[in-house]
Amino acid sequence: MSVQSAPADTNAPAGPTTTQPPATTALAGGATGADEPAATRGRTSIADVVVVKVAGVAAREIPGVHAMGGGLSRTIGAVRDRVPGGRSNVGRGVKVEVGERQTAIDLDLVVEYGVPIADLARDVRENVIDAVERITGLEVVEVNVTINDVHLPDDEDSAPETTSRVA
């Protein structure tokens, strides 16, 4: 068996060659100075709560996701939702770790009865990754989905109605 080698390029410079790394979006760094382009002057940082909210909204967009969070979290959230002027917590059931360029996300879900859980988890992962990467520019390294409960059609979400003592 013979091995043929390609002819050497006579125009190539002698010595080791280096290749440029692919361009990446650095969210944490930036240059300073008037001679730098405006888009690169300064630093961009993304708080954990931003990723939590984006992931929470994206997960809730998937049909079959009934609620998010564990039992205690959902109970406290239900009480908070009933308080006048209170806002629902879109970050309920979402935990994140955010680095300079990457993030990891953990989701706790309650699914509707009858929805294929494996398909739902895949759809949630895809939607969350797409939304977080598109909106924040961070690379999502993993989305862990935990199914905490199944919502049955006859389950009551609301507390029993009570009559008010005042009109």
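Me: What pattern does the protein chain follow, read along the sequence?

Reply: The pattern is α-β-α-β-β-α-β, made of three helices and four strands. Helices (H or I, at least four residues) and strands (E, at least two) are DSSP runs, numbered from the N terminus. The model is predicted: local features need pLDDT of at least 70, side-chain atom pairs count only at pLDDT 80 or more, and totals for chains, interfaces and linings use all residues. Residues are numbered from 1 along each chain as its sequence is written, and side-chain values use heavy atoms, with hydrogens and water left out.

Me: Why is Thr 103 called buried?

Reply: Buried means under 20% relative accessible area, exposed over 50%, and partly exposed in between (1.4 Å probe, protein chains only). Thr 103 has a relative accessible area of 1%, so it counts as buried. Its place is in strand β3, residues 102–112. In β3, eight of the eleven residues are buried, while buried residues make up 24% of the 167 residues in the protein chain.

Me: What does the side chain of Thr 103 reach?

Reply: It reaches the backbone oxygen of Glu 97 at 2.8 Å. A polar contact is a pair of N or O atoms within 3.5 Å; within protein, one must be able to donate a hydrogen and the other to accept it, and residues adjacent in sequence count only if both atoms are side-chain atoms.

Me: Which residues does Thr 103 touch, not counting residues up to four places away in sequence?

Reply: Among them are Val 51, Val 96, Val 132, Leu 138 and Val 141. Contact means heavy atoms within 4.5 Å. Val 141 is found in strand β4. Val 141 and Thr 103 are 38 residues apart in sequence and 6.1 Å apart in space, C-alpha to C-alpha. Apart from neighbours within four places in sequence, Val 141 is in contact with Gln 102, Thr 103 and Ala 104.

Me: Is Val 141 buried, exposed or partly exposed, and what makes it so?

Reply: Val 141 has 45% relative accessibility, so it counts as partly exposed.

Me: How do you know that β3 pairs with other strands, and in which sense does each pair run?

Reply: Two strands pair if DSSP finds at least two bridges between them. Strand β1 (residues 65–68) is joined to β3 by three bridges, and the two run antiparallel; here Ala 67 stands opposite Val 110. Strand β2 (residues 94–98) is joined to β3 by five bridges, also antiparallel, with Val 98 as the bridge partner of Thr 103. Strand β4 (residues 139–151) pairs with β3 in the parallel sense over eleven bridges. Asp 149 in β4 is the bridge partner of Val 110.

Me: How does the chain cross from β3 to β4?

Reply: The chain goes through helix α3 (residues 117–136), and this β-α-β crossover is right-handed. A crossover is right-handed if, with the strands pointing away from the viewer, the path from the first strand over the helix to the second runs clockwise. By contrast, a hairpin joins β2 to β3 through three residues.

Me: What makes Asp 108 and Lys 95 a salt bridge?

Reply: A salt bridge is a side-chain nitrogen of Lys or Arg within 4 Å of a carboxyl oxygen of Asp or Glu. The closest N and O atoms of Asp 108 and Lys 95 are 3.4 Å apart, and the pair forms a salt bridge. The pair links distant parts of the chain, with Asp 108 in strand β3 and Lys 95 in strand β2, 13 residues apart. Asp 108 counts as buried because its relative accessibility is 16%.

Me: How many salt bridges are there by this rule, and which residues in helix α3 form them?

Reply: The count comes to four. Arg 122 and Asp 119 meet at 3.4 Å, N to O, and both lie in helix α3, three residues apart. Arg 134 and Asp 130 have their closest N and O atoms 3.9 Å apart; both lie in helix α3, four residues apart, about one turn of the helix. Asp 119, Arg 122 and Asp 123 are linked in a network of salt bridges.

Me: Why is Arg 134 called exposed, and why is Asp 130 called partly exposed?

Reply: Arg 134 has a relative accessible area of 57%, so it is exposed. Asp 130 has 43%, so it is partly exposed.
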